[in-house]
Amino acid sequence: MNPITGTPAAVTATRPETAPPAPTRAETPQPVLELRGAAARVGGRTLWSGVDLTVRAGEFVAVLGPNGVGKSTMVKVLLGVLPAAAGEVRVLGGQPGQSAGARIGYLPQRRSFDPSLRIRGLDVVRLGLDGDRWGVPLPFGAARRRDRERVAEAVDLVGAGAYAHRPIGQCSGGEQQRLLIAQALVRRPEVLLLDEPLDSLDLPNQSAVAALIGRICHQQGVAVVMVAHDVNPILHHLDRVVYLAEGGAVAGTPAEVITSETLTRLYRSPVEVLRTADGRLVVVGQPEAPSTHGGHHAAV
Amino acid sequence: MPQSDGPTAFSWNLLADFQQMWSYPFMVNAFRAGAVVAVVAGAVGWFMVLRRQTFAGHTLSMVAFPGAAFATLVGMSLSLGYFGFCVAAALAIAGLRRDGQPGGAGESAATGVVQAFLLACGYLFMALYKGLLEGPQALLFGSFLGITGDQVLILAAVAIAVLAVLAVMGRQLLFASVDPQVAAGRGVRVRLLSTLFLVLLGAATAEAAQITGALLVFALMVLPAATAQQLTARPGRSLLLSVAIGLAVTWLGLLAAFYWPYPLGFFVSTFAFAAFLAAHAARALAGVRARQGRPALLGGAA
């Protein structure tokens, strides 16, 4: 036993970007997510195709691309809600949707709670643990104690201890997002699918939540797939990016993919990637998808 | 101390008062029916307030009126009229709404359509009946006189069924109400639960309407639940509190209506409203106190 309390954050901070992650979970030889020539079609229109991607435990992958290109659809394909139109998709060694539930954590596109909702953040996290069970939970016993500990652990992991007891409607956007990440993590999933979790957060909260997700990913050995509109807040936490385009896709490390040449080839129109003095990337000339709908289908 | 000035004078000795009231069989039935209805309305109403489906609840309670009018017109049992119409209206709302979102735009439009049509039907049934003018008033504002033992049995049987279904699906319903997207991702049948809940809501309003009348159903469906949710944000406690408040205001209302010559619905609504105001004031006070100091107990963990 080594007293690791408090040290992991420092270790991660000093570790160079290229070092392999040190997952606490036993390393599985086979990848957590695997896509081979995968394509998605919604309403007869091919959104993207030719996606080749392998994600292992403890890797942080961003799904990028213009509005309406089908970034959220990628999450739905991985969840098994939508079948892939072509190619092969394997999630945790099986078909997508087969091993749903405990092994996959999912955070849908930004949803905020009504300010008048009188349910504690703690209860929302708890619903992520047992909300899909039938019947009334017993108010006593070992199972209840275990559940409470698990919820408290998840809340601590995202640093939400100070406000988890408040009604969630009264928490700020950043606080709600942290609690929702705790909800997605409470069953100790092996894969975390996040759909624009930084959307509509202010800049300090964007980088704080991005750092939190990066920390969870690398420390807990959770494979993270995050749909993002802007790559900058997460850029230095990322292991891999997937850029989606109409009818195509390209995957690789950020340095390989987010370049003028690669994106110009992908979008078949001039795209320029500029690097600012502080290391931020600006993508100029990225086409918007032709359709005004797509990618934003309400998931009901 | 026993009072000697008449059988129906209120003494401040509550024990003696209850003994006196319960010496009348119709009052015993009234208290039994009131208890059954308050428990069901408190539990189902709690979910209704949480799901912001008060408009659907309002419509279903309005529908109790044409239900009772129809039952009177064709001469069938009143209870059957209440339950039949309320549950049918719940299914109609569930079938007509387009989006699955509770409290959403599609549902509120469908709800309005059902309410307008069924209220018009109620008016027609009354016109066709052409009799007994005090009938509509009891239908609208409730009555606790003449509740029979059979009626109590029907109320209790429906209540047990409603509470049993609610207990089985309660946790999933809470998940689907608070966080429908994630619940659906976890395999919770959000739309099915939503329809089932509307049926429970129909049954619960039909129960409450038989005591409070169609217009005052909200006294038992909304006020106890809203009061409880003001007082605590813990789901379990809040739900139990809602039931307890409903039970208290119903029994207090019956007590008041026995000793004073004013309608039961007025008393029940007034007590429930007073409880709501008190809870609101208590929360405002707690908010002021929290702002004056007392930092949060736990520091940020990361």
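## Annotated spans in chain B

According to the unreviewed UniProt entry, the annotation "transmembrane region" covers residues 30-48, 80-97, 109-132, 152-176, 239-260 and 266-286 of chain B. The model described here is a predicted one. Over residues 30-48 of chain B, the chain is 100% helix and 0% strand, with the end C-alpha atoms 25 Å apart. For residues 80-97 of chain B, the figures are 94% helix and 0% strand, and the end C-alpha atoms of this span lie 26 Å apart.

## A helix pair in chain B

Helix 7 of chain B, made of residues 149-178, and helix 9 of chain B, made of residues 190-212, have axes that come within 10 Å and cross at roughly 150°. Because angles over 145 degrees count as roughly antiparallel, helix 7 of chain B and helix 9 of chain B are described as roughly antiparallel to each other. The crossing of these two helices is left-handed. Among the residues making the contact are B:Leu155, B:Val162 and B:Gln172 of helix 7 of chain B, and B:Leu193, B:Phe197 and B:Glu207 of helix 9 of chain B. Taken by type, the residues of this contact divide into 16 nonpolar, one polar and one charged.

## A helix pair in chain A

In chain A, the axes of helix 5 (residues 173-185) and helix 6 (residues 203-220) come within 10 Å and cross at roughly 15°, and the two helices are therefore roughly parallel to each other. Helix 5 of chain A passes helix 6 of chain A in a right-handed crossing. The residues that meet include A:Gly173, A:Arg178 and A:Ile181 in helix 5 of chain A, and A:Asn205, A:Leu212 and A:Ile216 in helix 6 of chain A. The residues of this contact comprise seven nonpolar, four polar and one charged.

Technical notes: Residues are numbered from 1 along each chain as its sequence is written. Chains are lettered from A and ligands numbered from 1 in the order in which they are written. This is a predicted model: local features need pLDDT of at least 70, side-chain atom pairs count only at pLDDT 80 or more; totals for chains, interfaces and linings use all residues. Axes are lines fitted to C-alpha atoms, for helices over the stretch in contact, and angles run from 0 to 180 degrees between N-to-C directions. Helices (H or I, at least four residues) and strands (E, at least two) are DSSP runs, numbered from the N terminus. Angles under 35 degrees count as roughly parallel, over 145 as roughly antiparallel, 65 to 115 as roughly perpendicular and the rest as oblique. A crossing is left-handed if the near helix is turned anticlockwise from the far one by less than a right angle, and right-handed if clockwise. Two residues are in contact if their C-beta atoms, placed from the backbone, lie within 7 Å. Ala, Val, Leu, Ile, Met, Phe, Trp, Tyr, Cys and Pro count as nonpolar, Asp, Glu, Lys and Arg as charged, and the others, Gly among them, as polar. UniProt positions are given in the numbering used here, feature names are shortened, and annotations may be inferred rather than shown by experiment.
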